Structure formats: C-alpha cells, structure tokens
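Subject: Model for you to look at

Hello,

Here is the structure I promised to pass on. Please open it alongside this note.

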Amino acid sequence: MCGIVGYVGRRAAPGLLIEGLKRLEYRGYDSAGIAMSNGHGLETRKAKGKISTLESLVNGNPIHGSVGIAHTRWATHGAPNECNAHPHTDCTNTIAVVHNGIIENFGALRTMLQKQGHTFKSETDTEVLAHLIEAALDGDDPLEDAVIDALNLVQGTYGIAVISSRDPDKIVCARKGSPLLIGLGEGEFYVASDVAAILQHTRQVVYLDDGEMGILTPQGYEVLDLNARRIKKGVSRIDWSLDEIEKGGFDHFMLKEIFEQPQTIQNTMRGRLVIEEGFSKLGGLNLSKEDLQSLDQIIITACGTSWHSGLIGELYIEENARIQTETEYASEFRYRNPIVSDKSLCVVISQSGETADTLAAMREAKRRGAKTLGLVNVVGSTIAREDDGGIYLHAGPEIGVASTKAFTSQVIALALFTLKLARLRNMSVVKGREIAEAMLALPDQIQSILDHAGDVEAIADRFKDATNFLYLGRGYNFPVALEGALKLKEISYIHAEGYPAAEMKHGPIALIDEEMPVVFVAPHDAVFEKVVSNIQEVKARGGKVICITSQRESVLEGMIDHEIRVPQTIDMLYPILTVIPLQLLAYYIAVKRGLNVDQPRNLAKSVTVE
Ligand code: M6R
C-alpha cells in the first residue's frame with residue numbers, strides 16, 4: 001500500500017529519502033511528501049503524482065537536514081492531492097507524521113480535537129495523529145510519551161513515523177497491523193515499511209511487531225511497548241541483493257520478473273526435491289509425519305493471484321493426497337463462520353506476507369484451532385512471522401504490481417507440499433518420482449517459451465485495441481484462465497473474464513461475436529478433447545480464438561486464429577507453463593497501449609488495508 005521511509009544520522013537526508021521513496025513507489029503512488037527536522041523547525045514538501053514530481057519540487061525549493069521522514073501514498077481517505085499527501089502536521093507545525101493503515105475512529109477523534117480548537121488542513125484520517133500528539137505533548141516530556149498517549153486513543157491499523165521540532169534528533173515509529181522495520185547503520189538508523197527502501201544502506205534490520213514502538217537517534221535505537229517498557233529484539237540479516245530490486249536492463253520490472261521465472265522456480269525447488277524417493281524435503285513446516293497423516297481438512301486462503309495459485313493447490317491436494325480442500329478468498333473467510341478444527345490445516349498464500357485480509361484470515365483460522373502454514377515470498381513479513389510453519393518461495397523481490405514470478409513459485413511450492421503430503425499418505429514412489437522429474441524439467445521449458453516471446457508480442461499487436469477478452473480453461477487450467485484475465489485487466493484496463501470453458505455455454509457465450517478475442521488454455525491434458533468442443537462453439541459464433549496448447553493438434557486446424565505452443569509436461573504442471581504466454585500477452589498489450597505496466601492506476605503492490 002503506501003510506503004514509509006525515515007532517516008536519522010549525520011548525512012543529508014532529503015536525497016536519501018527520495019531514493020528510498022523511489023524504491024517504494026510500487027507500493028502506492030498517487031502523491032508523496034517529505035518532512036525534515038533541522039533545528040530550525042520542521043520543513044515539509046508534498047506533491048501530487050509520482051516521486052519524480054516531488055523530487056523536482058525539492059530540487060527547485062531545497063529542504064535541509066539529517067533527520068527526516070517521507071511517504072508515498074495510495075489514497076484511502078481523501079482524494080489524491082497535495083493537501084492529503086503525507087507528512088501531516090499539527091496546528092503549530094511542531095509535529096510531522098507519516099502513516100500507513102487506517103485510523104477507524106478518526107471521525108470521532110477529529111470532532112473531539114476540533115472542539116478543543118484544532119484546525120484540520122486535510123481530509124485524511126492520518127492528520128488526527130499529528131493533532132493527538134500535539135495535544136499530548138506536555139512540557140519537556142519526550143516525543144515518545146506523547147506518541148504513546150495518542151496511540152492509546154486510536155482504533156485501527158498503523159505503521160507510523162513521527163518527528164518533532166521539539167525533539168529534533170529523533171524519529172519515533174510504531175506499528176499495529178502495518179509493517180515497519182528499523183534499519184541499523186553506523187551512527188545512523190532508518191525506519192521503513194519495506195526493506196527495499198533501505199537495502200542500499202544496510203542489511204541489518206529489526207522488525208517491529210504489533211504494539212511496538214521504535215525510538216531512533218544518531219546515538220542508537222530502542223524498542224518499547226506502548227506502556228514504555230523496553231523490549232529486547234533480535235537483528236535479522238537481509239540477503240536480497242540490490243541487483244534483485246533493480247530492472248537489470250529490462251524496460252519494466254514486470255518483464256524482468258517474467259523472464260526470471262526459469263531461475264526463480266529453480267530457487268523455489270532448490271534442495272527440496274528428492275528425486276529417487278519421489279519426495280520433498282520441507283524444513284520449515286513444523287508439522288510431524290503424524291500431523292500430516294492425521295489431517296482431515298485443508299483450507300487454502302489468499303487474495304488475487306495468490307488465490308489463483310491456491311485453486312491449483314486445491315486440485316493438487318485432493319487429487320494426490322485425497323484430503324478435502326477448499327480454497328477461500330481471505331476477505332470472505334474472515335467474515336463467515338467456517339468449519340475449522342484442530343485437524344484442519346490452513347495454508348496461507350501471500351507474495352508480500354502483508355496482505356491485510358490474508359493475515360486476518362490466518363489469525364481467524366488459528367483462533368479456531370487450525371494449524372497454519374504460510375507460503376510467503378518476503379522473508380520476515382508478518383504472515384511469515386505469525387504462521388506455525390512455512391515454505392518460503394525464494395523468488396526474490398517482486399516489484400511489478402502485477403504478480404508473475406510469485407505465482408509460478410507458489411504453484412511449485414504447492415506441488416512440493418503435495419508431494420510430501422501425498423507420499424506420506426497414499427502416493428506410490430513411482431508416481432512421486434514422475435512428478436519430481438517433471439518438475440525438474442520446468443525451468444528449461446519455461447525458457448523455451450520465453451525464447452519465443454516475440455510470437456506473443458505479435459498477437460498482442462493484433463489485439464491491443466480490443467475492449468473485451470474472454471479466457472477459458474478447464475481442470476488445472478481454469479485457474480490459469482482466471483489469472484490470465486486478471487493480468488490483462490490490471491495492467492491494460494481491458495475488461496477480461498476468466499471462465500471454466502464448459503460454463504461458457506451457460507451465459508458468456510452470448511458475448512461472442514467477431515470482436516471478441518477468446519483465449520483458450522488448452523494443453524494436451526485429460527480434458528483437452530472437451531475443450532476442443534468449447535473451441536468449436538466459439539468459432540461457430542465468429543469469435544477470434546487464441547489457443548495456448550502443447551503440441552500440434554490436427555483437430556484444431558481451421559478452428560484457431562492464433563496458436564501459442566508450450567512444451568509437454570504432466571497434466572498437473574501445465575499451469576506453470578501455460579501461464580507464461582498469458583503474462584507476456586498482458587504485458588505486451590499494456591505496453592502497446594502506452595500504459596505504465598509497473599504502476600497500473602488505482603493499484604498497490606501489497607494491500608495492507610482491509
Ligand atoms: O502479496 P499477496 O500475494 O498477498 O497479494 C495478493 C494480491 O493483492 C495480489 O496477488 C494482486 O492480486 C496482484 N496485483 C495480482 O497481480
């Protein structure tokens with residue numbers, strides 16, 4: 001969602017903070033701002049639009065200091081404009097606050113503060129924090145005391161960083177429900193909502209947990225709870241390289257991440273496949289053989305692309321391990337009355353590990369007695385820290401808002417988990433070995449699809465002006481159809497629907513005419529013949545058929561307008577191959593429409609609000 005970065009030390013902070021914001025821009029980007037404390041009061045600059053606009057503003061009207069906070073916003077309360085951009089200040093310009101999250105009782109707090117004489121400048125929920133801290137500041141009490149008093153009045157979620165002209169060498173930060181970490185340097189310290197913002201300066205970080213507050217000065221840092229008691233925290237080391245969060249010669253992060261997939265899925269598999277035994281080694285599950293054998297239900301919960309990989313996982317587990325499995329939208333699961341017992345396992349899938357709905361669903365499942373297993377990419381993220389066990393994806397940082405490499409790594413992680421589960425229950429070694437061997441071949445197979453990306457680009461050129469798209473698939477490839485449609489919608493703004501191919505005749509078939517491109521995900525698997533009938537139905541109505549298939553099929557001759565071939569694999573692994581052309585198709589269409597694929601409108605990389 002929004003992004004926070006802050007710095008205390010001896011260096012000039014503005015350039016450093018703007019650099020940090022640029023690395024966070026993928027989280028949200030409708031406006032941005034920076035505030036410095038420099039011994040002469042607070043100075044603030046804010047701008048609507050991208051970080052580059054803020055940067056030009058600061059270049060034209062410089063701001064000085066070595067203690068500062070900065071923010072890139074994705075609007076929740078109040079329109080995206082300069083006034084609503086963070087940092088927000090109090091009446092006397094003594095306090096500046098940046099905030100991720102939502103203050104749920106901000107209406108009541110705002111009314112209370114207005115009655116006390118406070119004047120508000122913005123429409124945001126965040127501004128109440130600046131005024132609450134102003135109201136709580138008492139004599140020479142340190143800033144952290146006022147922040148504690150203010151936060152004790154607040155309901156909702158926050159990751160905040162606060163500076164004050166009365167305590168000019170200090171940043172106070174606090175977390176409840178919105179990620180925040182402290183970066184440790186030599187005589188300098190950082191606060192950030194995401195490690196990407198500070199990785200070029202330090203790899204040593206302390207993750208704040210909910211209910212914790214950090215106090216940073218050039219002399220050091222400490223972590224307190226909201227009763228001002230000191231907490232001892234461990235220091236984590238971040239292994240991601242700076243290269244991994246840069247574009248590496250590609251025009252966009254999304255394209256780079258699509259092309260990384262041969263390597264990223266290899267990283268997900270590395271050291272985990274035991275070919276001879278047709279088995280997988282997953283060290284972090286924290287589930288004994290007996291636990292896995294006695295499970296009677298699996299709930300998979302996630303959002304967006306991660307939910308799509310969950311649908312594939314459900315098919316894997318039911319087909320191979322014969323355990324009843326349901327994949328649920330995290331946002332729905334948390335608000336119903338699901339059947340969960342101590343024999344249930346809740347598999348939580350999230351690239352970021354910070355998605356608010358997914359985190360809440362995991363907590364709900366735990367509360368109801370289930371064990372939880374996180375499939376997460378971002379090491380040290382909240383889901384990764386709160387789950388009972390986990391499988392890290394090891395896909396490296398995913399910056400493009402449209403998720404690509406995380407999806408294929410999630411499906412691989414689900415296949416690894418299924419192998420382990422199924423082999424402990426009912427799967428033969430021969431079957432296990434067949435799956436493991438097919439998995440090993442996938443990186444080269446993905447590469448061979450990427451080597452023909454130009455063919456997909458040509459199809460994108462043909463359909464870039466379409467206004468609607470239909471994506472159809474069956475079995476393992478129905479979730480791929482959903483994922484293809486989501487990719488196209490989010491970055492090209494073309495209306496697209498994913499559907500089970502056979503369901504088309506129950507309604508969507510009415511949409512088909514000469515203007516409608518229909519993408520069939522139809523590799524040669526157990527349901528191929530069935531999909532052929534669905535292709536015929538579309539062709540008979542004049543639809544334009546783009547078919548992702550796996551081998552030359554004479555039956556398709558004359559029925560399809562464009563063909564994209566993927567290599568052959570076993571049925572369950574086709575999604576890892578068939579999704580690649582769909583990612584490329586969405587990417588090229590968006591680029592040809594002149595859109596910013598890495599930062600599509602209205603979207604944020606991780607959705608840390610409900
Ligand atoms: O970080 P998560 O995997 O929990 O994110 C879930 C969704 O917000 C995410 O997959 C979203 O749908 C992507 N923009 C899809 O490309």
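First, the ground rules. This is a predicted model, in which local features need pLDDT of at least 70 and side-chain atom pairs count only at pLDDT 80 or more, while totals for chains, interfaces and linings use all residues. Residues are numbered from 1 along each chain as its sequence is written, and side-chain values use heavy atoms, leaving out hydrogens and water.

Domains. The protein chain splits into domain 1 (3-238), domain 2 (250-440) and domain 3 (443-596). Those bounds come from an automatic or database domain assignment. The C-alpha centres of domain 2 and domain 3 are 25 Å apart. Across that boundary, 35 residues of domain 2 are in contact (heavy atoms within 4.5 Å) with 28 residues of domain 3. About 2,700 Å² is buried between domain 2 and domain 3, and carbon and sulfur atoms give 76% of it. Buried area here is the accessible area (1.4 Å probe) that two parts lose on being put together, summed over both. On the domain 2 side, Phe259, Pro262 and His308 lose the most area to domain 3, together 17% of what that side buries.

Ligand site. The shell around the ligand takes at least three residues from each of domain 2 and domain 3. There are 14 residues around the ligand, counted when a heavy atom lies within 4 Å of it. Ser306, Ser350, Ser352, Thr355 and Glu490 come nearest. Helices α9 (304-321) and α16 (478-492) each supply at least two shell residues; helices are DSSP runs (H or I, at least four residues) and strands likewise (E, at least two), numbered from the N terminus.

Taken alone, the ligand exposes 410 Å², and the protein buries 91% of that (Shrake-Rupley method, 1.4 Å probe).

Backbone details. The peptide bond from His86 to Pro87 is cis, with omega near 0°. Pro87 sits in the loop between β4 (67-73) and β5 (88-89). Ala228 is not a glycine, yet has a positive phi of about 65°. Ala228 lies in the loop between β13 (220-225) and β14 (230-231).

Best wishes
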